[in-house]
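Please look over the model shown here before reading the notes on its fold, its helix packing and one of its loop residues.

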Amino acid sequence: MPFKGFSITLLLIAISCSPGDQKARPSGTPGTATANGAALTGAGATFPNPIYTKWFDAYNKETGVRINYQSIGSGGGIRQFTEGTVDFGASDAPMTDAQMDAVKGNVLHVPTVVGAVVATYNLPSAGKTALKLDGPTLADIFLGRISRWNDPRLASLNAGVKLPNQDIIVVHRSDGSGTTFVFTDYLSKTSPQWKGAVGKGTSVQWPTGLGGKGNEGVTQQVKQTEGAVGYVELIYAISNGLPYAWMKNAEGAFIEPSLKSVSAAAAGARLGPDTDFRVSIAGASGKDSYPIASFTWLLVPRQPRDSAKARLLHGFLQWMLQPNAQRMAADLHYAPLPVPVIELLQQRLSQK
């Protein structure tokens with residue numbers, strides 16, 4: 001099973017090293033926990049950066065273990081993990097088979113939380129009313145086929161909303177991005193035109209629009225540009241006071257992105273006992289499911305080269321799966337992992 005080699009290593013380490021001892025370990029090795037030095041380094045997705053920042057701070061206060069994380073985008077996280085310049089990567093897009101081959105399969109995808117990608121916009125004339133969108137219409141906006149806010153298709157979805165005769169300014173990611181993967185994965189599932197012309201990936205050839213680096217960059221571009229529309233993780237829109245659209249799901253219902261609707265999407269994931277956790281929940285079925293949702297993953301070495309780093313990674317992963325840590329995710333508008341996923345992860349991490 002995918003976690004087997006990692007678990008054996010960690011269990012052997014755990015026999016001689018308990019979590020309470022971490023501050024007393026010898027210093028001098030990068031990634032080793034010390035009272036004053038960094039313990040682990042990671043890089044990758046901006047999508048989960050708010051919860052990772054909160055988790056790593058809380059874990060440091062509880063254990064003394066410092067985890068330094070660079071929010072550089074999923075593409076950068078996969079690249080740095082592959083090059084071995086970080087102890088772990090983070091991505092909202094699962095590594096492809098080719099990317100896994102590049103590290104000789106020495107990678108575990110560990111889901112951490114579930115999040116929503118939202119279509120956020122700057123349209124003062126719409127007031128406080130949330131726009132309603134469906135997949136094909138959203139795809140045509142990002143294809144440049146719908147270029148005015150008062151387009152008849154937008155008007156028919158938003159009866160009673162004052163839509164201006166104004167250009168739509170598309171904002172997309174300029175860097176390799178798991179958020180882009182989630183967004184384009186959804187569009188590819190709902191729009192044949194999008195699938196044929198652009199497809200899905202962490203980086204794609206955008207037919208139109210302006211680029212912004214990271215969820216942060218897209219958020220700021222939208223916030224500063226009247227008439228703009230972009231896609232970001234839900235917490236970025238909320239924390240910047242930006243509105244976001246309700247999306248039509250597979251059952252034909254317009255759904256607000258929320259903890260409840262993202263949890264409903266995740267609950268439908270079917271993970272077998274031998275899963276590698278690389279699963280898409282974009283376009284999930286279920287009347288209450290928000291359709292642009294995704295797990296996000298930590299990329300962890302299956303067979304760590306450094307026993308101290310293996311111990312520290314294992315300790316954090318076990319802590320992350322506990323109820324207190326998962327409740328922190330809910331505080332930042334991420335959905336906690338479904339209980340069956342947590343139980344499966346715990347089983348994998350404890351296997352001999």
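## Basis of the values

This is a predicted model, in which local features need pLDDT of at least 70 and side-chain atom pairs count only at pLDDT 80 or more, whereas totals for chains, interfaces and linings use all residues. Residues are numbered from 1 along each chain as its sequence is written, and side-chain values use heavy atoms, with hydrogens and water left out.

## The chain as a whole

The chain has 14 helices and 11 strands, these being DSSP runs numbered from the N terminus (helices H or I with at least four residues, strands E with at least two). Of its 352 residues, 56% are buried, a term that stands for under 20% relative accessible area, with exposed meaning over 50% and partly exposed the range in between (1.4 Å probe, protein chains only).

Among contacts with a separation of 6 or more, 75% join residues 24 or more positions apart, where contact means heavy atoms within 4.5 Å. The accessible surface comes to about 14,500 Å², and carbon and sulfur atoms hold 51% of that surface; the areas come from the Shrake-Rupley method with a 1.4 Å probe, and for residues only the protein chains shown count as cover.

## Helix α2 against α12

Helix α2 (residues 49-63) and helix α12 (residues 307-320) have axes that come within 11 Å and cross at roughly 110°, the axes being lines fitted to C-alpha atoms over the stretch in contact and the angles running from 0 to 180 degrees between N-to-C directions. The two helices are therefore roughly perpendicular, the class for angles of 65 to 115 degrees.

On the α2 side the contact involves W55, F56, A58, Y59 and E62, which meet L312, G315, F316, W319 and M320 of α12. These residues divide into 8 nonpolar, 1 polar and 1 charged, with Ala, Val, Leu, Ile, Met, Phe, Trp, Tyr, Cys and Pro counted as nonpolar, Asp, Glu, Lys and Arg as charged, and the others, Gly among them, as polar.

## Helix α2 against α13

α2 also packs with helix α13 (residues 323-331), at an angle of about 145° and with the axes 10 Å apart. Here I51, K54, W55 and A58 in α2 meet A325, Q326, M328, A329 and D331 in α13, a set with 6 nonpolar, 1 polar and 2 charged residues.

## Loop residue A130

A130 lies in the loop between β4 (108-121) and β5 (132-133), and its relative accessibility of 28% makes A130 partly exposed. Leaving aside neighbours within four places in sequence, A130 is in contact with Y121, N158, Y244 and W246.

Note on methods: Parallel < 35°, antiparallel > 145°, perpendicular 65-115°, else oblique.
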